[in-house]
Amino acid sequence: TRSLTITSADQSMFEKAQGEKVTLPCTFELSEEDEGPLDIEWVLIPADNQKRELIIIMYSVDRVYDQYYAATTRRMQFSNLDPKSGDGSLDILNLKAADTGTYQCKVKKAPGVQSQKIQLTVLVKPARTKCSIEGSQEIGKDVTLKCVSQEGSPLLSYDWRRVSGTQHLPATSVLNKNTGELLLKNASREYSGRYNCVASNRVGTDECSVELNVTPPVNTAAIIVGAIIGTLLGVSVLCSIIFCFCKKHREKKYEKEVHHDIREDVPPPKSRSSTARSYIGSNRSSLGSMSPSNMEAYTKTPYSQVPSEDFERSPAQNPAFAPSKVAAPNLSRMGAVPVMIPAQSKDGSIV
């Protein structure tokens, strides 16, 4: 008894790069004995057997159903707009790494039922490759050039080449294509230059480069001595600043203590001008109440004893006042009655 037969059994494995398009074939032939409705179903079989199969797209009763798997919506479709013609192949657009898996095509038209499995592997080409240098770039030291891609499906392969100078790797270099490490032993000045790394797999390549500059060893002793001297100078400057600050603080404190120690019960010294004015004022007040009894005492007071602003000067600097040049006080202005006082002339007569 004849039944439907799947004819696309030539290729069961596909490898494509991310972002590309793939067509998974599923062609079939029907027999006269197959009289039931035609159903075509594509299923994704997960790698974990514990998970259930996911229906991706289905054709049944002259209608397409493609809303089962949200991750593949609008990216998976039948290659033929009329699958019942014998072509139930599946197109997957804009491939992603998550599309990797086993796909099964099931064709059913009672009483015939057939299925076919296809393995799809989505490869990601190398991307975001970075180069770096590990170790001291000094003459006589070992230097390691590293290369690694942030993206890319295994198996990745790395290859180093020199793009300056002789364009050949040094004779002492050791390359590990699986890890991307290039070891340069006993580096010399001739090793200096630009090196390029190429990361590749079956679907693409990516590159990066690095500049190597081998220099003479650094004089560490001089650096240490310079660091010590600089540190000592810094400490000495800091100590000087602290000393000046403390000295200024002590001076301010001393001035403050001396200011508070001044005795409050000692009166301030009198000025010369105030002493003279007070003495003259007191004598003038006494003239206001002159009488014959006190006028005699007044006349006996020599004018040379009246204090002035210079009364504290030495005799050589303070000339004596001549009685003849001192004017008598105006008694009328002082409110006193003038009294005639007899005086004796040179010849002894009374005037």
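Is C26 buried or exposed, and what is its relative accessibility? C26 sits at 0% relative accessibility, so it counts as buried; here buried means under 20% relative accessible area, exposed means over 50%, and partly exposed is in between, with a 1.4 Å probe and protein chains only. Keep that residue in mind, as it comes back in the third view.

This is a predicted model, in which local features need pLDDT of at least 70 and side-chain atom pairs count only at pLDDT 80 or more, while totals for chains, interfaces and linings use all residues. Residues are numbered from 1 along each chain as its sequence is written, and side-chain values use heavy atoms, with hydrogens and water left out.

**View 1. The whole protein has 4 helices and 18 strands.** Helices (H or I, at least four residues) and strands (E, at least two) are DSSP runs, numbered from the N terminus. Of the 351 residues, 26% count as buried. The protein exposes about 24100 Å², and carbon and sulfur atoms supply 54% of that area; the areas come from the Shrake-Rupley method with a 1.4 Å probe. Now look at contacts, meaning heavy atoms within 4.5 Å. Among contacts with a separation of 6 or more, 57% come from residues 24 or more positions apart.

**View 2. The largest nonpolar core has 25 residues.** A nonpolar core is a set of buried Ala, Val, Leu, Ile, Met, Phe, Trp, Tyr and Cys residues joined through side-chain atoms within 4.5 Å. The residues with the most contacts inside this core are L24, W42, I92, Y103, V107 and L120. At least two core residues come from each of β3 (22–24), β5 (38–45), β6 (54–60), β8 (76–78), β9 (90–92), β10 (101–109) and β11 (112–123). The biggest giver is β5, with 4 residues. There is also a second, separate core of 18 residues, and L156, Y158, Y191 and V210 are among its members. Zoom in on V107 and you can pick out its partners: leaving aside neighbours within four places in sequence, V107 is in contact with L4, I6, C26, F28, L38, D39, G112, V113 and Q114.

**View 3. C26 and C105 form a disulfide, with their sulfur atoms 1.9 Å apart.** In general, a disulfide is a covalent bond between the sulfur atoms of two cysteines. In this model, a pair of cysteine sulfur atoms within 2.5 Å counts as one, and a search of the whole structure finds 3. The link of C26 and C105 is left-handed, with -70° about the S-S bond. C26 is in the loop between β3 and β4 (28–29), while C105 is in strand β10, so the pair links distant parts of the chain, 79 residues apart. C105 counts as buried at 1% relative accessibility.

**View 4. C131 and C208 form another disulfide, with their sulfur atoms 1.8 Å apart.** This link is right-handed, with 75° about the S-S bond. C131 lies in strand β12 (residues 127–134) and C208 in strand β18, so the pair ties together parts that are 77 residues apart in sequence. Both ends count as buried: C131 has a relative accessible area of 18%, and C208 is at 10% relative accessibility.

**View 5. A disulfide joins C147 to C197, S to S 2.1 Å.** With -90° about the S-S bond, the link of C147 and C197 is left-handed. C147 is in strand β13 (residues 143–151) and C197 is in strand β17, 50 residues apart. C147 and C197 are both buried. Count the bonded cysteines along the chain, and the disulfides of the protein follow the pattern 1-2, 3-6, 4-5.

**View 6. C244 is in no disulfide.** Its nearest cysteine sulfur is that of C246, 9.4 Å away. C246 counts as partly exposed, at 34% relative accessibility.

**View 7. An open sheet of 3 strands runs in the order β14-β17-β18, with antiparallel pairing.** Two strands pair if DSSP finds at least two bridges between them. The edge strands are β14 (157–162) and β18 (204–212), and each pairs on one side only. Neighbouring strands of this sheet are turned by 20° against each other on average, direction ignored; the axes are lines fitted to C-alpha atoms, for helices over the stretch in contact, and angles run from 0 to 180 degrees between N-to-C directions. β14 and β17 (residues 193–201) pair in the antiparallel sense over 6 bridges. Look for S157, which stands opposite S200 in β17.
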